Amino acid sequence: MSKVKVMDHPLIQHKIGVIRRKDTCSKDFRTIISEIAMLMCYEATRELKLTDIEIETPICTATVKELQGKKLAVVPILRAGLGMVDGMLSIIPSAKIGHIGLYRDPKTLEPVEYYCKLPADSEEREVFVVDPMLATGGSATAAIQMLKDKGVKHIHFMCIIAAPEGVKKMQECHPDVDMYIGALDEQLNSHGYIVPGLGDAGDRIFGTK
């Protein structure tokens, strides 16, 4: 079964409280989403493997640590996932970026694919799929299946707010994918929105309705 890590860092929790507020403007919402993603990336990469290498400092030869083997990739689910990319790149600037385009049918709530572009060597990378919200889990599970179908093996999922229904669906569909969650909320309402949540993350990031 996948590991589910709900963040307990005070800065992450404080910033999530700010973006929940309906009077937080789009500019501040974008900035804080990026900051939360940066802090969550720091926590989510804690267990990456290290290896010893020999280097020359200005003083002498020394043994230091570096990330072992696989490099990283960040794959946002369009469009709201884009809001998390810059924050993650501030921590891992050498990461490659892919994009997966999915939208949720308002009637069936099922994901519909319209775009998928990944780095050429994604199957060799540790891939972090990112989306601010994990509601029904439909989009996230579909996006991860798309990656698996393209040969990606090392997949992690990161979201800022999740509903229990989405977490359950992810565990059922992809028990091998670890999840990193900023806050685990109460439930979904009849329209498929997370309660208490923060509304539509994409609309709030980009100032659309």
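**Labels and the values behind them**

Modeller: Let's start with V4, which sits in strand β1 (residues 4–6); strands here are DSSP runs of E, at least two residues, helices are runs of H or I, at least four, and both are numbered from the N terminus. Mind that this is a predicted model, where local features need pLDDT of at least 70, side-chain atom pairs count only at pLDDT 80 or more, and totals for chains, interfaces and linings use all residues. Residues are numbered from 1 along each chain as its sequence is written, and side-chain values use heavy atoms, leaving out hydrogens and water.

Biologist: Why is V4 called partly exposed?

Modeller: Its relative accessible area is 32%. Buried means under 20%, exposed means over 50%, and partly exposed is in between (1.4 Å probe, protein chains only). So V4, at 32%, lands in the middle class.

Biologist: And what is K3 called, in the segment before β1?

Modeller: K3 is at 29% relative accessibility, so it counts as partly exposed too. K3 is in contact (heavy atoms within 4.5 Å) with E47, D178, M179 and Y180, leaving aside neighbours within four places in sequence.

Biologist: What makes D131 buried?

Modeller: D131 has a relative accessible area of 12%, so it falls under the 20% limit. This residue is in the loop between β8 (126–130) and β9. Leaving aside neighbours within four places in sequence, its contacts include I77, M84 and F157.

Biologist: How do you know that the buried residues of helix α5 (residues 164–173) are on the same side?

Modeller: Those residues are G166, V167 and M170. They cover an arc of only 100° around the axis, so they share one side of α5; the arc is taken from the directions from the helix axis to the C-beta atoms. On the other side, K168 and E172 are exposed. The buried residues of α5 pack against several elements, among them β1, α4 and β11 (178–184).

Biologist: What makes the span of α4 close to the expected one?

Modeller: Helix α4 (residues 138–149) has twelve residues and reaches 16 Å from its first C-alpha to its last.

Biologist: Which residues of α4 are buried?

Modeller: Among them are A140, I144 and L147. After α4 comes G151, with a positive phi near 95°.

Methods:
The expected span of a helix is 1.5 Å times one less than its number of residues.
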